[in-house]
Amino acid sequence: MSLPRRRDVLASAGASASALAGCLDLGLGGSTDGDADAVVALETVADGFAAPAAVAFRPGDDRPYVVDQPGRAYRVDDDAPTAVADLRDRMVSIGSGYTEQGFLGLAFHPDGDRAYVRYSAPRRRGTPEGYSHTFVLDEVPVTGDGALAVDDERTLLEIPQPQGNHNAGDLAFGPDGHLYVAVGDGGGGGDTGTGHVEDWYDGNAGGNGQDVTENLLGSILRIDVDARSDGKPYGIPDDNPLVDRDGRPEQYAWGLRNPWRLSFDDDRLVVADVGQNRWEEVNVVERGGNYGWNVREGRHCYGAEDCPTATPDGDPLRDPVLEYSHDVGIAVVGGYVYRGTDVPALQGRYVFADWRQRLFVADPSGDAWTREDLAVAPGGGFDRFVLAFGEDHDGELYVATDGDSGPGGESGRLSKFAPADAADRDPTGTTASLTDALTSTVADTPTPPTTDDEPGDDAGQGSDGTPGFGALAAVAALAGTAARRLNRH
């Protein structure tokens, strides 16, 4: 039996978010009270996913592609999502408990005939024993019918991942034609523990965020997929900041913890970075920029009353353009500056979110952006967990959400931003839904055993017991909704 076809608008006014003291707040819910002035409606485009972790658009194709964290990708056609890639046979197993591993990123080459997929594989050659898994970035051809030929892959990057969390995973082509790759700090808590090197700052142990020589963790990478350099399966752009300097030349910017979603607004790169225990941040990332982790968290010292604002070489630790505390949310989700026409109220504003059921907007001008809640019609509230955003070729925005906090089940949804009065329109019509065959396949995905190679339900926990995605796992488990649903980063 097929899932019901329907068209709906995300509504349901949620409870106001309460203070999250020490990452132990149980409060989950919408960002505004029920009488807030609605700015947007969210029209369902497709549903029935397990955990839609990324949204991409192929050049020349107006249909959204959706990455589902357990290992498949779908193109959303008019009648139903069509499976276009299956990576499950090369990934770590994804069960029904919290995890930050999986199929995490997708980007299409500007010419449209190739795609780039980012996923978590079991330890490959070169990944030390005792590490969690291997970060993999593959190039795959796109067939004439729009499928991803994953069996004809060309592996570009394999990065040893010491622990199971802080995987980031987003991919995007910049206006320069180069591929930008978000890489977390290697997991655990505080940028310490297995696989975290020592850096120049002795006020904290660790960390990969400040290191640029030993590994590629805690960074935004920039590579040329159309070239080859020094025996690598990709090229190094000549103007990367560490070319001809001490450091790994792939690195474009560093000092990041878990950069969860990046986007371009013309030539401006905007990156959201999930915080540790107190601060979430959004950065405008520039070439060679150091964004402070783990010396700083947001605009504040991490783990100390006083801390430097520059490296010993004089390079500044750059402040975010926007931050918010864990009184507001627990895991920032990066979005886009809206350049479409369907929702004039959003024009020129940065639309982003917190995983914990909150949508935000900000004026993306100056060095300090101001965050505001984004109210959703009809009541102003919002009651779904936010995973990712997408932007189509016309600048219109999409949001990928889940009904709970992990990638089991079928409550994942792709919605499109619409004017607030869309909530008053005739709700009849159809939306694309996954078939019962797809649903049963997802539901039958086995729960992996807890082993040294493939961690089970505690895979997202760091050595300090802190979930990597801003404490979402602890909160969701305490709320009773997510110990069975693994999602994210």
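I took two rings of Phe, Tyr or Trp as a pair if their centres lie within 6.5 Å. By that rule, I found 14 aromatic pairs in the structure. The model is a predicted one.

**Entry: two ring pairs**

I looked up Trp 200 and Tyr 201 next. Their ring centres are 5.7 Å apart and their planes stand at 55°, so I noted the pair as tilted. Is Trp 200 buried or partly exposed? Trp 200 has a relative accessible area of 29%, so I put it down as partly exposed. Tyr 201 comes out at 8% relative accessibility, so I count Tyr 201 as buried.

I then turned to Phe 352 and Phe 360. They form a tilted aromatic pair, with 5.2 Å from centre to centre and 50° between the planes. Phe 352 is buried, at a relative accessible area of 0%. Phe 360 is also at 0% relative accessibility and counts as buried.

Which residues do ring pairs link into a cluster? I listed Tyr 324, Tyr 350, Phe 352, Phe 360 and Trp 369.

**Entry: charges over rings**

I checked two arginines. The charged end of Arg 257 sits over the ring of Trp 293, 5.8 Å from the ring centre. The charged end of Arg 261 sits over the ring of Trp 260, and here I read 3.9 Å to the centre.

**Entry: Asn 290**

Where does Asn 290 lie? I found Asn 290 in the loop between β16 (279-285) and β17 (296-297). Is Asn 290 buried or exposed? Its relative accessible area is 4%, and buried means under 20%, so Asn 290 is buried.

I looked for a polar partner. A polar atom of the Asn 290 side chain lies 3.0 Å from the backbone nitrogen of Gly 292. I then set aside the neighbours of Asn 290 within four places in sequence and listed its other contacts. Asn 290 touches Gln 210, Trp 254, Gly 255, Thr 311, Pro 316, Leu 317 and Arg 318.

**Entry: the whole chain**

I stepped back to the chain. How many helices and strands does the chain have? I noted two helices and 27 strands. The chain has 489 residues, and 61% of them count as buried.

I also looked at contacts along the sequence. Among contacts with a separation of 6 or more, 65% join residues 24 or more positions apart. Last, I looked up the surface. The chain exposes about 17,200 Å². Carbon and sulfur atoms supply 44% of that area.

Note on methods
Residues are numbered from 1 along each chain as its sequence is written. This is a predicted model: local features need pLDDT of at least 70, side-chain atom pairs count only at pLDDT 80 or more; totals for chains, interfaces and linings use all residues. Side-chain values use heavy atoms; hydrogens and water are left out. Helices (H or I, at least four residues) and strands (E, at least two) are DSSP runs, numbered from the N terminus. Buried means under 20% relative accessible area, exposed over 50%, partly exposed in between (1.4 Å probe, protein chains only). A polar contact is a pair of N or O atoms within 3.5 Å; within protein, one must be able to donate a hydrogen and the other to accept it, and residues adjacent in sequence count only if both atoms are side-chain atoms. Contact means heavy atoms within 4.5 Å. Accessible areas come from the Shrake-Rupley method with a 1.4 Å probe; for residues, only the protein chains shown count as cover. Rings of Phe, Tyr and Trp (its six-membered ring) pair if their centres lie within 6.5 Å; planes under 30 degrees apart count as stacked, over 60 as edge-to-face and the rest as tilted. A charge sits over a ring if NZ of Lys or CZ of Arg is within 6 Å of the ring centre and within 35 degrees of the ring normal.
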